[in-house]
Amino acid sequence: MKNRLLWPLLALVALLLLNLAVTPSFFALRMQDGHLYGGLVDVLKNGAPTLLIALGMTLVIATRGIDLSVGAVAAIAGAVTCVHIGTSGSAATAFAGMALALVLCAVLGLWNGFLVAGLGIQPIIATLVLMTAGRGVAMLVTEGQIVTVNNTAYRQVGAGFVVLPVSILIALLVLGLVAFATRRTALGMLIEAVGVNPEASRLAGVRSRTIIWTVYVFAAVCAGIAGLMISSNVSAADANNAGLWIEMDAILAVVIGGTSLAGGRYSLTGTLIGALIIQTLTTTVYTIGVAPEVTLVFKAIVVIAVCLVQAPKARAALSFRKVAVPS
Amino acid sequence: MTTLTQRVPSRFLPVLATVVLFVLAFGFGSVRYDGFASGQVIANLFIDNAFLIVLAAGMTFVILSGGIDLSVGSVVALSTMVTASGLQAGWPVPLVILAVLLTGSTLGLLMGLVIHKFDIQPFIVTLAGMFLARGLCFLISVESVSIKDRTFRDVATTAIELPGGVTITYNVVIALLVVAAAMYVLHRTRFGRTVYAVGGNESSALLMGLPTTRVKVGVYVISGLCSSLAGLLFSLYMLSGYGLHAVGMELDAIAAVVIGGTLLAGGVGYVLGGLAGVLVLGTIQTLISFQGTLSSWWTKIVIGVLLLVFIAVQRTMVRR
């Protein structure tokens, strides 16, 4: 367990040290009007949506699935809420809109779960359907416009502060809940059992299908919350660009964190580290003053490097240490 | 139905279903709208989607072998960028073409080697390839670069007259040649047979003594080569190079291949299916533009629904 997290952790520390070398004040934290500011807080705040989506994705991947539709679901959540709020400034409308959006996301998750568990379609294709159609649906909701809102209650979700930014607190809360629900109860083991062999675990008395439905609904709700953060942070819903490629970032975060795409085991701590690596990388590129567009090149290099040092075959070839290839 | 299944082997049914769908969609358009049922509208389907046809052909190889290539859209963008900046720097056209094709195949080769040698999932490796290729575009230039080269512009704008007053471009000819070549390789060479074998069952293929390594790496080289060729066609079509060209095109290519009846699990499918898939997607877009009042986002919803229908149909066929 510790060994698997070693390399991602080292990568994260290296990135943070690089930041420190370029901007000496990177680790400085300061309080201002009861709000905590600083480089690390920024990384956490901007990484919150990716972390949330990656959490949902971790459980989906643990069941040997994948969810490509999360970005589209995030866009739908933002679109529905903003359209519901409209010109209203009241907190009640904002909460009603968010509740509506999250219920809708749960339904979309049920849909994905139905395709995967009910019809037995490969997860990558089943969720590709919603990934393609979802953006269309989001544009249908906003009628192709960027809907802007002016609602203080809604703004709190993505841009508010309770000492720390609210989005960080939400993400950490969800992380805590998931860790508790899956590691303190048998749920985590059941999810891993389904990932190892759905049929065998069904014969052993695990309700494989229910588990699969559950993880897809959870992933969609996480995506919905992330969508609310993204849209609330700018007080607008952009059906085209909100959450664009965030599913890729989330999958990368999960994989960097040592969760195998082949399913059967997962690491929530790994996902947290993975999400932080992705976000720190983006921040680093900004701070060293490279054109932001070039971030992609760095991302590619880090992904390949981290995947390579984790791949059993690569380890054996480079003989970092004598590890037996885990079966 | 029994007579149909007797005459047509069941493995051709998915492709046939796609062709029927294309005919139905086109027939629907011809009845609804004046001027829809003209040869030029069909020719335009090919002209506007030539690059997608080439992409789908390459993607078919990868998917048949049981893999997936998410990098194709970015490689198209990178190819347009290399083409445009190469021409701007005054390189001769053949050199530019060679450079583009080499870039694409090398990227494909690298990805294939990483996937095979280190046993990392194709999904992740090609995702990294997607980021890398798009990042490289922006390293060349952040701005859009237009193509002013005379030869290039001439090739792009030359119309080939077909009987009946229908015109096509060289793009279409190249795309159809690629499809023909892909069909030849898949069905008439050892490599093609092995692609099907690896996609059907890799361990069996290995135990039969087939060169699985060469095939598993080879399909990504083919996909990379097709993507860069599609990139060349795309730069002829757009007459510019830009890092934001072809965003999300990999999804169109995958959708076309799946709608064309190729199983994502590998081992089952045809290049012609991908071609039919592209034509179906193109027809939907044409229908929506002829309709006029429907907004463009309906295209996405319809494509999603189509994907769903085809996957569900495939599912029931596999179960039988």
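## Basis of the model

Residues are numbered from 1 along each chain as its sequence is written, while chains are lettered from A and ligands numbered from 1 in the order in which they are written. Because the model is predicted, local features need pLDDT of at least 70 and side-chain atom pairs count only at pLDDT 80 or more, whereas totals for chains, interfaces and linings use all residues.

## Overall form of chain A

Chain A has 14 helices and six strands, where helices (H or I, at least four residues) and strands (E, at least two) are DSSP runs numbered from the N terminus. Its radius of gyration is 20 Å, close to the 20 Å that the globule rule gives for 327 residues, so chain A is as compact as a globular protein of that length; the radius is taken over C-alpha atoms, and the rule is 2.2 Å times the number of residues to the power 0.38. Along its principal axes the C-alpha trace of chain A spans about 60 × 55 × 35 Å.

Of the 327 residues of chain A, 52% count as buried; a residue is buried if 20 or more other C-beta atoms lie within 10 Å of its own, exposed if 12 or fewer, and partly exposed in between, with C-beta atoms placed from the backbone.

## The side of chain A that touches chain B

In chain A, 33 residues are in contact with 37 residues of chain B, contact meaning that the C-beta atoms of two residues, placed from the backbone, lie within 7 Å. The elements of chain A that give two or more residues to this side are helix 5 (123-142), helix 11 (246-256), helix 13 (295-310) and helix 14 (312-318), and the largest share, 11 residues, comes from helix 5. The residues of this side divide into 24 nonpolar, five polar and four charged; Ala, Val, Leu, Ile, Met, Phe, Trp, Tyr, Cys and Pro count as nonpolar, Asp, Glu, Lys and Arg as charged, and the others, Gly among them, as polar.

## Helix 8 of chain B

Helix 8 (residues 170-188) of chain B has 19 residues and reaches 26 Å from its first C-alpha to its last, close to the 27 Å expected at 1.5 Å a residue, the expected span being 1.5 Å times one less than the number of residues. Its buried residues are Asn171(B), Val172(B), Ala175(B), Val178(B), Val179(B), Ala182(B) and Leu186(B).

The buried residues of helix 8 of chain B pack against several elements of that chain, including helix 3 (39-64) and strand 3 (166-168). On the other side of helix 8, Leu177(B), Ala180(B), Tyr184(B) and Arg188(B) are exposed.

## Two residues with positive phi

Most residues other than glycine have a negative phi. Trp245(A), found in the loop between strand 6 (236-237) and helix 11 of chain A, has a phi near 65°, and with 15 C-beta neighbours inside 10 Å Trp245(A) counts as partly exposed. In chain B, Asp119(B) lies in the loop between helix 5 (93-118) and helix 6 (122-140) and has a phi near 60°; with 12 C-beta neighbours inside 10 Å, Asp119(B) counts as exposed.
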